[in-house]
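Try each task before reading its solution.

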Amino acid sequence: MHRTIALPLGALVTALALCADPASAQRAAGDFEWRGVVLQGNVIEIKGVNGDVTAGPASGSEVEVRAVRKGRRSNPEDVRIEVVEHGEGTTICAVYPDADGRPNECRPGDGGRMNVRDNDVTVTFTVRVPPGVRFTGRTVNGNAEADGLTGAVDLRTVNGSTTFSTSSYGEASTVNGSIRGTMGSATWADALAFKTVNGSITLDLPSDTSADVRASTVNGDISTDFPMHVTGRINARRLNGTIGGGGRSLSLETVNGSVTLRRR
């Protein structure tokens with residue numbers, strides 16, 4: 001015997017939508033939004049774990065941050081967004097529920113603890129950065145991107161690609177992903193490092209760049225548009241050389257991928 005169950009129209013539409021698009025079965029939390037002033041030269045730092053981090057230029061003088069939380073098994077409301085203001089600027093983190101009896105915490109730079117255990121919530125950050133403010137974007141499973149900025153950029157992920165463009169300078173690292181960067185200034189004070197394992201590195205530099213370059217790959221090629229004084233033996237997989245007058249350190253390292261320096 002067949003039984004017919006009548007559903008209200010709204011429930012029927014929802015059921016059909018979930019069948020057509022399993023991704024819509026994700027549970028979503030209310031969006032997080034923050035606006036605040038970060039002084040020029042200081043940093044707005046975003047620290048996530050699962051999800052992309054994307055930055056672009058702000059239309060005004062305030063930093064704008066929006067975070068969208070979604071989960072399938074786990075409750076997005078359990079992941080809180082924490083804002084920490086400090087002497088160097090502002091750090092905003094996705095803080096997951098405590099794991100292994102140890103609390104997760106949001107701290108600037110390499111401080112703090114971010115352990116998601118089996119939590120599947122993704123947090124996608126979108127940031128608007130005013131002129132002259134530095135941007136640091138960190139995640140583990142996701143892409144890190146910053147486009148059209150004017151301050152220094154620092155991007156880090158593990159499983160994802162990194163891409164940036166700034167009229168200042170920047171650096172980036174990942175493990176499984178490529179690195180692409182465009183820099184408008186070669187005035188960094190210390191050392192810049194670009195490092196991945198499975199991916200290529202492509203860097204666009206100003207024509208007046210002066211740097212001591214160290215580049216290496218295992219499975220890939222190294223190419224450069226810049227005239228370079230090479231130190232030591234010429235090797236297709238390893239290069240030590242000087243662009244211009246040298247003086248600043250520039251390190252580019254991959255295992256499975258090519259390294260390309262392009263002159264702007």
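**Exercise 1.** Decide whether S200 is buried, partly exposed or exposed.

*Solution.* Begin with the cut-offs: buried means under 20% relative accessible area, exposed over 50%, and partly exposed in between (1.4 Å probe, protein chains only). The relative accessible area of S200 is 29%, so S200 is partly exposed. Next, place S200 in the chain: S200 sits in the loop between β15 (191–195) and β16 (201–205). Strands here are DSSP runs (E, at least two residues), numbered from the N terminus. Finally, list its contacts (heavy atoms within 4.5 Å). Beyond the neighbours within four places in sequence, S200 contacts S178, I179, G257 and S258.

A word on the model: it is predicted, local features need pLDDT of at least 70, side-chain atom pairs count only at pLDDT 80 or more, and totals for chains, interfaces and linings use all residues. Residues are numbered from 1 along each chain as its sequence is written, and side-chain values use heavy atoms, leaving out hydrogens and water.

**Exercise 2.** Find which strands β9 joins by bridges.

*Solution.* Two strands pair if DSSP finds at least two bridges between them. As for cover, four of the five residues of β9 (134–138) are buried.

**Exercise 3.** Is N104 buried or exposed?

*Solution.* N104 has 4% relative accessibility, so N104 counts as buried. Its place is the loop between β7 (89–95) and β8 (122–129).
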